[in-house]
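Here's a quick tour of a structure, written for someone new to reading them. Keep the picture open while you go through the points.

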Amino acid sequence: MIHPILTISNLTKRFGGNTAVSGINLDVLPKETIAIIGPNGAGKTTFYNMVSGRMQPSEGNIVLDGKDITGLPPHKISRLGVSRSFQINNIFPEMTVQENVEVVLSAFHGHGRKLFNIASRNTGIQQEAVVLLKRLGIDSLKSQRAEVISYGDKRLLEIAMVLATQPKLVLLDEPTAGMTPDETRRTTRLVKSLAESGDYTFLITEHDMDVVFGLADRILVMHRGEKLFAGTPEEVKNHPEVRRAYLGEEDDDVIEETSA
Amino acid sequence: MSGIVSALLNSLDIGLLLFIIAVGLNIVFGVLNIINFAHGALYMLGAYLAFTLINIVGMPFWAALLLAPLGVVILAVLIDRFLLRFIYSRDIADSLLLTFALLLIINESVRMIWGSGIQVVQPPQLLAGSMEILGSSVPTYSLFVIVMGLLLLAGLWYLFNRTRIGRIMRAAALDRDMAEVLCINTRLVVTGVFAFGAWLAAVGGVVAAPMRALDPGMGDKIIIESFIVVVIGGLGSFPGALLGAIVLGLIHGFGGRYLPEVNMLLPFLGMALVLLFKPHGIMGKGANA
Amino acid sequence: MKTKILLAILAVVMVGLIAVPWIASYFYIFIFTEILILGLFAASFNLVFGYTGMLSFGHAAFFGIGSYAMALVLIHLEWPFLVSLLASMGAAALLALVIGFFCVRLNEVYFAMLTLAFGMMVFAIAYQWRSVTNGSDGLAGFSLGSFGFGLDLTLGNPAVYYHVVLTIVAIASAVLYVICRSSFGMILRAIRQNPERVSFAGLNVRTYRLVAFVIAGAFAGLAGGLIAPFLRVASPELLHWSMSAEPILMAILGGTGYFLGPFAGAAVFVLLETWITSFTESWMLVLGIILALMVIFFRKGLLGTILDWWMEVKK
C-alpha cells in the first residue's frame, strides 16, 4: 500500500457569509499528477492558498507526509516541501533570470544566513541554477533582466523557481494562462516530461482542457467550492454531470477569482 | 474630583481636535493610498492664515474659520494638480517622500513669512474666559472645541453613512479593489478627496490657533500625533480615528496632569501596546506585509 | 572594463580623501569629516531602504543613541575610543532589535509611521530623562582619552580625527558592501522586489527584515559614535526625526540603487548646505524643492542618472 503524500480532509474556507471552498477531501499519491478543474470562482485558487499557507482554512486538515501543516505560515510549508506558482507572474523583476533562481536556491540551501560570502562567486548555486533553467529550456535567457523577457518565458521561469526547492509536492496555478498556443504546447510538453521523470508530484489547475487531459493521472472537478467529481480523465470525460456543469458550457466569465 | 473633571474635559478637547485632523489623513490614505506627510503642515497653514486674517487684517474669528481653510484648499488643489499627479500610480514610498518634501517647503515658507517666534491668536470675545462645571473652572474655548469636534463628527457620520459619495469613500478606504471597481480614481474625485482632507487639517488648525501658541514646529508635532492616532485606531478606519484620538486625548489629558515626568513617552507606550496585541490597530483591516 | 573605470575613480577619490588635511584648510577638514560620518549613516539607512525596501523615518534613533552611548562611556567609564565605538554599535543594535521587533511585522505605510513614532519616543526619553541625558542641553564636556590598541593618537587634533574617521568609515563601508553583495544581501533585494515570493521560497521574511534592520542600526550607531566627539556634544537634536530625514534625503539624492549612492548624496548634501547657508537661511526650502524634483523626475538619484547618461553616451 502506498501512503499518500498529501491528505486533505474536509477543507473549508468561508469569507463572511460565502463559502469559497466546502468540505474538500483529497489524497495525493507520490509521483502522480492531479488536475483540478472547474469554472472561474469554483474555489481552485482559494484551495491552493490554503494548501500553501497563504490563507488559513476555516475548517479541515492538511497533512503532508504524515505531518499536519494546517494553518502554518507559507515559509514553513515551503520548508516542509510544498512549492507553488501563481496565476499572475510572481518573480523578481529587477534581477536577471539566473539570479531569480539563485535567490530561491540560496533560500533552499540555507545560504540566506551567510552575510559575508560574495553571492556572485557562489559557483555551486550558479551551476544548479543553470541546470534548472536548461531543464525548462530558458537557459539562453539567463543574463536578461527578468522583467524584459516574454510573458511565456516568465511563467517558465516561475516554474523553475518553484522546482528549485526540490519540493515533495508542486502546486501549479494555471501554468499556461495567458500563453500563446505555441507557448502552451511547449509548456505542456515540458510539464509532462517533468511529471514522467518521476521526480515530482504535481497538483495543477488549468482551464485548457487539452492540457488537462494530456497531463493528469486523476482529475478533481470543483464547482462552487465543492467537489463535483473525481476520477481518471476518461471517467471525467464521460461523466454526465461534469459535462453539463463544466465541459458542456463555455465559461460564463464571472468575476475573476484572483481578487479573493 | 474637580481635577478628574477638568482632566477629562481637557482630554476631550485634545482628542476631538486630533480627530478632526487625523480623520483627514485617514480619508486621503484610505481613498488615494497616499500618506500625506504634509498634513500637519497644512494644519499649521490653517492656523497661520487665521492668525493673519484675525490679527493683521482684523477679521472676526468666525470669518477666519470660514476663509482660512479655503485658502488651504486652494493650495491643496495646486499640490494635487502639479505635484501628486506624477506619483499616484507609483509605489507608496514615493508619495511619502514627495509629501515629505512638501512638508519641508511649507515649514520653511511659514518660517520665512511669519518668523520663527511664537504667535498668539486670541479667542473671540464670546468664547473667552471660563465656565464653572462640576466645581472646576473650564475655559469656555475648550467647550467650543468639543462642540466643534462633535459637530464635525456628526457631519462626517452623515457623509459616510447617509450619502452615496461618502459610502463609496468609506468602502474604498477599507477595500482598495473596491475603489478600482467603482472607478473612483477619476481626476475630479482624487482632487476632491485630497482637498477635503486638507480642509479638515486646516479647520483643525484654525480651531487650535486660540488654544495653542503658533510656531513653525507645530505641524511636525501634530503629524506625529496623527500618526499615533491612526496607528492606534487603524489605518483607513473612521471610527478607528475617533477611538484613537480619544485614547490619545485621554493619555495627554491625564498623563500631563498625573505623570508629568514621562508624559512625552506615554503616547508611544500606548501605541506600542496596541501594536503588540492588534498590529493593525483596534479597528483596522490593513493587510499584513 | 566598466568595473575597472569605476575602481580607478574610486582609487582617485580615496587618494584625494586621504590627502585632504594636507591640501585643504581646517574648514574643509571639518566638512569632509561630516561628509564621511553622514555618508556612513546614510549608507546604513540604505541597507534598510534601498536594499530591503523599508522606508524608515526613525533611523536617527540609532545614530543618536550611538552618540549618547559614546558620550556616556567617555564621561563615566573613560574607555578607550575604539572600545567606546563598539559600545555605540552595541547600544544601537540593541535598540534596533527592540524597535524592529515591532516594526518589521508591518507593511510599508505602518512601518514608516511606526519607525517615526518610535524614533520620537527615544527623542522624548533623551529629552525628559535629565539625570542621565542632561535633557535638552545634551551631554558635553567629555574628553577623548586613548585610542586603543596602544596607539598614541591625538584625537583632539581635527586632522588626526579626520584620518581616524576616514579609516573607520572605509572599513565599515567595506563590511557593509560585502553584506550587500552576500547571499543574505541578495535575499534582501529579493524581499524588496517581491516579499511574497521569498516567503514561498521558504524564508521568514520578518526575520530577514529584522536582521537587516539591526545591522543598519548598528552601523548608524557607529556613525553616531563618531559624530559625538566631532560635535563635542550628544544632544537630543541627533535623535529628532528631522535627523532621520537626512539619510533619506542623502540616499535619494545620491541614488538608492547603488552602494555608493548615499555617500555621493551625503557629499552633495553637506556641500550644498554649506554653500546655500552662506547666503540664505532657507536651506530646508531649497532641500524640499530638490527632494521633490528628485522624487518626481530623477528617482534614480545623481549616481543613477549619471550612470544612465554615461551608458547612453557609450552607445
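Into which domains is chain A divided? Chain A splits into domain 1 (1-81 + 167-251) and domain 2 (88-166), with the bounds taken from an automatic or database domain assignment. Bear in mind that this is a predicted model, where local features need pLDDT of at least 70, side-chain atom pairs count only at pLDDT 80 or more, and totals for chains, interfaces and linings use all residues. Residues are numbered from 1 along each chain as its sequence is written, while chains are lettered from A and ligands numbered from 1 in the order in which they are written.

**How the two domains of chain A meet**

- The centres of domain 1 and domain 2 of chain A, taken over C-alpha atoms, are 25 Å apart.
- Eleven residues from domain 1 of chain A and eleven residues from domain 2 of chain A make up the contact; two residues count as in contact if their C-beta atoms, placed from the backbone, lie within 7 Å.
- On the domain 1 side, strand 7 (169-173) and helix 6 (181-196) of chain A each supply at least two residues. Helices here are DSSP runs of H or I with at least four residues, strands are runs of E with at least two, and both are numbered from the N terminus.
- Helix 6 of chain A gives the largest share of that side, three residues.
- By class, the domain 1 side has six nonpolar, four polar and one charged residue. Ala, Val, Leu, Ile, Met, Phe, Trp, Tyr, Cys and Pro count as nonpolar, Asp, Glu, Lys and Arg as charged, and the others, Gly among them, as polar.

**A sheet in chain A**

- Four strands of chain A line up as an open sheet in the order 2-1-4-5, with antiparallel pairing. To pair, two strands need at least two bridges found by DSSP.
- Strand 2 (18-28) and strand 5 of chain A sit at the edges, each pairing on one side only.
- Seven bridges link strand 1 of chain A to strand 2 of chain A, and Phe15(A) has Asn18(A) in strand 2 as its bridge partner.
- Strand 1 (residues 6-15) and strand 4 (residues 59-64) of chain A share five bridges; Ile8(A) stands opposite Ile62(A) in strand 4.
- Strands 4 and 5 of chain A form a hairpin with two residues between them, and Asp65(A) in the turn has a positive phi of about 50°. Leu64(A) stands opposite Lys67(A) in strand 5 of chain A.

**Where chain B touches chain C**

- This contact takes 37 residues from chain B and 33 residues from chain C.
- Helix 4 (92-114), helix 9 (218-233) and helix 11 (266-277) of chain B are the elements that give two or more residues to the chain B side.
- Helix 4 of chain B gives the largest share, 15 residues.
- The chain B side has 30 nonpolar, four polar and three charged residues.

**Two helices packing in chain C**

- Helix 8 (residues 183-193) and helix 10 (residues 205-231) of chain C pack at an angle of about 115°, with axes 11 Å apart. Axes are lines fitted to C-alpha atoms, for helices over the stretch in contact, and angles run from 0 to 180 degrees between N-to-C directions.
- Ile187(C), Leu188(C) and Ile191(C) in helix 8 meet Val205(C), Tyr208(C), Arg209(C) and Ala212(C) in helix 10 of chain C.
- The residues of this contact are six nonpolar, no polar and one charged.
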